Amino acid sequence: MRHLIIYAHPNENSLNHHLLETVIETLTSEDHELIVRDLNQINFNPVLSLQDIQEQRMGQIADDIRVEQEFITWADHVTFIYPIWWTGMPSIMKGYIDRVFSYGYAYRYDQGIQKGLLTGKQTVIINTHGKSNEEYERIGMDKALSLTSDKGIFTYCGFEINQHFFFDKADRVKPEDLEVWKEQIRNTYAEINGSLENIVRNSESSEY
């Protein structure tokens, strides 16, 4: 299977980077094709400029955007890994969405009806945050985060969400909790890869 990981955290010693390594180890151990786009490492420009907007309206795409779109097109499954900062994505990840998930590539409107164009692709989202899950549930932030990212971005553009992890109290994570999270990640990808392989196998054996 072809897996793409889109990762956003500047610190190589972060919990997010540790989770990234867990996903990489899980996928490479099963010989999947894998590409990692570390947005900070590649110095991705997150600013949607007036030039970007004008070019997209004319059906033109900047070279750096086109590269990222080609990676997404290539992938069967896309994983997003980033921390929750100020109840949202880091600016570099938000800018990635702004620029790469452009009209005509990730979505469009047909006679006023919105249509996601990234259908057939699956995704896992891995987030960390400092608050406890219980506190987020109490103030409704858990629902807000799911609504704005899952419905507002990913399913809007046609992705099928396999799992959205919210790993809490990330600034004081206990070793035993981390091991549980890593096992959850491994189990999730085992289920996904089994499902994707069945889909491919059935499509290859079908007349249509």
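Here is a short walk through this structure, from its sheet to the helices beside it and then to one serine. Keep in mind that the model is predicted.

Let's start with the sheet. It is open, has 5 strands in the order E2-E1-E3-E6-E7, and its pairing is parallel. At the edges you'll find strand E2 (33–38) and strand E7 (160–167); each has a single partner strand, so one side of each is left without a neighbour in the sheet. On average, neighbouring strands here are turned by 15° against each other, direction ignored. As a reminder, strands of a sheet pair through backbone hydrogen bonds, either parallel or antiparallel.

Now zoom in on strand E1. With strand E3 (residues 77–83), strand E1 (residues 2–7) pairs in the parallel sense over 5 bridges.

Together with E1 and E2, helix H1 makes a right-handed β-α-β unit. H1 counts 14 residues and reaches 20 Å from its first C-alpha to its last, close to the 20 Å expected at 1.5 Å a residue. Helix H1 (residues 15–28) packs on the sheet, where it touches E1, E2, E3, strand E6 (122–128) and E7, and its direction makes about 175° with that of E1. Quite a few H1 residues are buried, including Leu-15, Leu-19, Leu-20, Val-23 and Leu-27. Another helix, H4 (residues 91–100), lies across E1 and E3 and runs at about 145° to E3.

Finally, take a look at Ser-149, which sits in helix H6 (residues 141–154). Is Ser-149 buried or exposed? Its relative accessibility is 7%, and because the cut-off for buried is under 20%, Ser-149 counts as buried. Leaving aside neighbours within four places in sequence, Ser-149 is in contact with Tyr-82, Phe-154 and His-164. The side chain of Ser-149 is also joined to that of Asp-150 by a polar contact of 3.1 Å. As for Gly-116, it is 33 residues from Ser-149 in sequence and 14 Å from it in space, C-alpha to C-alpha.

Terms used:
Residues are numbered from 1 along each chain as its sequence is written. This is a predicted model: local features need pLDDT of at least 70, side-chain atom pairs count only at pLDDT 80 or more; totals for chains, interfaces and linings use all residues. Side-chain values use heavy atoms; hydrogens and water are left out. Helices (H or I, at least four residues) and strands (E, at least two) are DSSP runs, numbered from the N terminus. Buried means under 20% relative accessible area, exposed over 50%, partly exposed in between (1.4 Å probe, protein chains only). Contact means heavy atoms within 4.5 Å. A polar contact is a pair of N or O atoms within 3.5 Å; within protein, one must be able to donate a hydrogen and the other to accept it, and residues adjacent in sequence count only if both atoms are side-chain atoms. Two strands pair if DSSP finds at least two bridges between them. Axes are lines fitted to C-alpha atoms, for helices over the stretch in contact, and angles run from 0 to 180 degrees between N-to-C directions. The expected span of a helix is 1.5 Å times one less than its number of residues. A crossover is right-handed if, with the strands pointing away from the viewer, the path from the first strand over the helix to the second runs clockwise.
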